[in-house]
Amino acid sequence: MQAYVGLVVAAFLFGATFVVVKEAVVAMPPLAFVGWRFLLGAAVLFLFARPHGRSIWIDGLMAGILLFIGFASQTAGLTSTTASNSGLITGLYVVFTPLLAAAVRRRAPAVSTVFGAFLSVIGLGFLTITAGFGLNSGDILTIVFGLASSSLFEGFPLPSPSVLPALIGTGVIVAAGAFLLQVRAQTVIGPSRTAIVLSAEPLFAAATAAVVLGERLTLQGWFGAAMIMIGMYVVLAFSPAEHADLVAAEALSEVH
């Protein structure tokens, strides 16, 4: 039970982070915010454990590169999209991961996985495509892991006093605390159940954005959000065996 409670707390922290970052990037460039945020998180986690062995450093380097690309794109996307949209789009990692795993293993994914992916893509279209059939640039950045090279044009801005609370909250409480809760719980209940509990993250993101920022989805947006959540549920509930690979991919979702 403690593992499940810990995961629910982690999912809430991950979801609430979208609102915090949405407001923080108004005062600080997104890539600089990502760098300072995870520098704090790494410093805190370094107090608990230190990597040993060449393989750990190599795996950590690869995971760090993927984390940077994902978080940089997500944070940059938050400058021009809503926290609700960003949270829901980020939750699609639950759908994309088994499809990617199937491609790597060179075998067809389960029918339920394909069906869930189909529902989620349809929902994504309703959520992000405007009446004029244009895409919000922030939504595109959240979906497409690119433009990391834009960090070259930001310089090296230092955090201003107004951004420090957001950096400390997302760096220490979320990047260190929530990730630690997730990893510990995962060792108890396994990756599949962990993924199911953490799939509540987009709901927490939308709820927090509604309470704190007053964001509201349109009827089309609600329909798209529902399709995404149903697609995620179909993949998680009916294709549990394919989610063993979610352990490595969980790090890519916290486009918080």
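This is a predicted model: local features need pLDDT of at least 70, side-chain atom pairs count only at pLDDT 80 or more; totals for chains, interfaces and linings use all residues.

Colleague: How many helices and strands does the protein have?

Modeller: Elements here are DSSP runs, numbered from the N terminus: helices are H or I with at least four residues, strands are E with at least two. On that basis the protein has 12 helices and 0 strands. Along the sequence the pattern reads α-α-α-α-α-α-α-α-α-α-α-α.

Colleague: And what share of the residues in the protein is buried?

Modeller: Buried means under 20% relative accessible area, exposed means over 50%, and partly exposed is in between, with a 1.4 Å probe and protein chains only. Here, 45% of the 256 residues are buried. In H4, a helix covering 83-90, 8 of the 8 residues are buried. They are Ala83, Ser84, Asn85, Ser86, Gly87, Leu88, Ile89 and Thr90.

Colleague: Which residues of H2 are buried, and what covers them?

Modeller: Pro30, Leu31, Ala32, Phe33, Val34, Arg37 and Gly41 are the buried ones. Their cover includes helix H1 (2-24), helix H3 (54-77) and helix H8 (164-189).

Colleague: How do I describe a pair of packed helices?

Modeller: You give the angle between their axes and the distance between the axes. The axes are lines fitted to C-alpha atoms, for helices over the stretch in contact, and angles run from 0 to 180 degrees between N-to-C directions. Angles under 35 degrees count as roughly parallel, over 145 as roughly antiparallel, 65 to 115 as roughly perpendicular, and the rest as oblique. The axes of H2 and H8 come within 8 Å and cross at roughly 50°, so this pair is oblique.

Colleague: What is the handedness of the H2 and H8 crossing?

Modeller: A crossing is left-handed if the near helix is turned anticlockwise from the far one by less than a right angle, and right-handed if clockwise. H2 and H8 cross in the right-handed sense. Their contact (heavy atoms within 4.5 Å) involves, among others, Phe33, Trp36 and Arg37 of H2 and Val174, Ala175 and Phe179 of H8.

Colleague: At what angle do H1 and H8 cross?

Modeller: Roughly 155°, with axes that come within 9 Å. That makes H1 roughly antiparallel to H8, and the crossing is left-handed. H1 and H4 pack at about 130°, with axes 9 Å apart, which makes that pair oblique. Phe18, Val19 and Lys22 of H1 meet Ala83, Ser86, Gly87 and Thr90 of H4, in a right-handed crossing.

Colleague: Which residues touch the most other members of the largest nonpolar core?

Modeller: Such a core is a set of buried Ala, Val, Leu, Ile, Met, Phe, Trp, Tyr and Cys residues joined through side-chain atoms within 4.5 Å. The largest one has 16 residues, and Leu7, Ala10, Phe14, Val174, Ala178 and Leu198 touch the most other members. H1, H8 and helix H9 (191-198) each give two or more residues to this core, with the largest share, 6 residues, coming from H1. A second, separate core of 15 residues includes Phe18, Val19, Val163 and Leu167.

Colleague: Is arginine 37 buried or exposed?

Modeller: Buried, at a relative accessible area of 1%. Arginine 37 sits in H2, and its C-alpha is 9.9 Å from that of alanine 176, 139 residues away along the chain. Threonine 81, in the loop between H3 and H4, is also buried, at 4% relative accessibility. Its C-alpha is 8.7 Å from that of lysine 22, 59 residues away in sequence.

Definitions and conventions. Residues are numbered from 1 along each chain as its sequence is written. Side-chain values use heavy atoms; hydrogens and water are left out.
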